[in-house]
Structure formats: structure tokens, C-alpha cells
Amino acid sequence: MDMSFHEKSLWLMFGSVAVVSGLYAVAVLPADAVNVMPHQMAAFGLAVAALVVLQVVGHVVIAIRDRHAETDERDRLIELKGTRNGAYVLATAVFLALCAALMTQGNFVFTHVLLGGWVLAQLVETGSQVFLHRRGS
């Protein structure tokens, strides 16, 4: 089965978020400081820049290779289901981050629980959409 532009885009987003956030986590975690330090903020900035470059270049390549980027009702329904799944994960992560803020000193744990939750929510959202595309929903 040939993948649509939308599905290729989802694979690109899933892979780039997973790789860049994984590299960021390896570079920053675990940390001895209770607060986010300037070098960790710089690492985060580099991770965001790398993510943007990877996704822009990847989408340009996909767009050049696949000029038929039509979205139909099935794509919109799959997108809604994926967004719903990601929203559940994000809501849970926000709750856990607030609990971490109450139980720990400084902002390091809170910040990274929230960031990790956002990354996990993005992966669940795009992963759900890829799964639904593959399943033919």
C-alpha cells in the first residue's frame, strides 16, 4: 500500500520528535541541579532548532516527491482520533507535573515532567494516526 502525503508527514513528525527528544534527554538527564540551568536551556534551544530544521527539510522533500497532498474526510477523522488520544496523555502529564511541582524543590523536575508529557502526547497523537492509517480506518 502506497502512503499518502499525510501519512508520510506523520512518520516524519513521529521520527523527528522521538529522535530529537531522545537526544535531548540523553544530554540533559539526569541532572544534579534543582533548577533548570543555562546550559540545559541552550540544549533545549538546539533541540527545538534541530526539530524545526528536520521537519521543514523533510516536508519539503515529501512535498517534492508527492505532489498530491489531498486531505479527505477519512484523514480528518483519523486526525481527530489521534488528537483525542494525545490530549488524554497531555492532561495526565500536566496533572503529574503539578504533583511534581508540589513535591520537589526547584523547577527542574516540574519542567521535565511537563516536557516529557508533551513529547509523549505528541508521539501518542502521531502514532495513533499512523496506526489508524495503516489499519485503514
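This is a chat about one predicted protein model, going from its overall build to particular residues.

Visitor: Hi! Before we start, what kind of model is this?

Guide: It is a predicted model, in which local features need pLDDT of at least 70 and side-chain atom pairs count only at pLDDT 80 or more, while totals for chains, interfaces and linings use all residues. Residues are numbered from 1 along each chain as its sequence is written, and side-chain values use heavy atoms, with hydrogens and water left out.

Visitor: Thanks. How many helices and strands does the chain have?

Guide: The protein chain has four helices and zero strands, running α-α-α-α from the N terminus. Helices (H or I, at least four residues) and strands (E, at least two) are DSSP runs, numbered from the N terminus.

Visitor: And what does the C-alpha trace span?

Guide: About 50 × 30 × 15 Å along its principal axes.

Visitor: What share of the residues is buried?

Guide: Buried residues make up 29% of the 137 in the chain. Buried means under 20% relative accessible area, exposed over 50%, and partly exposed in between (1.4 Å probe, protein chains only).

Visitor: How much of the contact set comes from residues 24 or more positions apart?

Guide: Such pairs account for 85% of the contacts with a separation of 6 or more. Contact here means heavy atoms within 4.5 Å.

Visitor: On to the inside. Which residues make up the largest nonpolar core?

Guide: There are 11 residues: Val-17, Val-20, Tyr-24, Val-28, Ala-43, Ala-47, Leu-51, Phe-108, Leu-115, Val-119 and Leu-123. Helices α1 (5-28), α2 (38-65) and α4 (108-135) each supply at least two residues of this core. A nonpolar core is a set of buried Ala, Val, Leu, Ile, Met, Phe, Trp, Tyr and Cys residues joined through side-chain atoms within 4.5 Å.

Visitor: What does Leu-51 touch?

Guide: Leu-51 touches Ser-16, Val-17 and Val-20, leaving out residues up to four places away in sequence.

Visitor: New topic: how many salt bridges are there?

Guide: The count comes to two, where a salt bridge is a side-chain nitrogen of Lys or Arg within 4 Å of a carboxyl oxygen of Asp or Glu. In one of them, the side chains of Glu-7 and Arg-134 meet at 2.5 Å, N to O. That pair links distant parts of the chain, with Glu-7 in helix α1 and Arg-134 in helix α4, 127 residues apart.

Visitor: Are Glu-7 and Arg-134 buried or partly exposed?

Guide: Glu-7 is buried, with a relative accessible area of 2%, whereas Arg-134 is partly exposed at 40%.

Visitor: And which side chains meet at 3.8 Å?

Guide: Those of Lys-8 and Asp-66, again N to O. Lys-8 is partly exposed at 24% relative accessibility, while Asp-66 is buried at 13%.

Visitor: What about Gly-82, buried or exposed?

Guide: Gly-82 is buried, at 0% relative accessibility. This glycine is found in helix α3 and, apart from neighbours within four places, is in contact with Glu-125, Ser-128 and Gln-129.

Visitor: Last one: which peptide bond is cis?

Guide: The bond from Leu-29 to Pro-30 is cis, with omega near -15 degrees. Pro-30 sits in the loop between α1 and α2.
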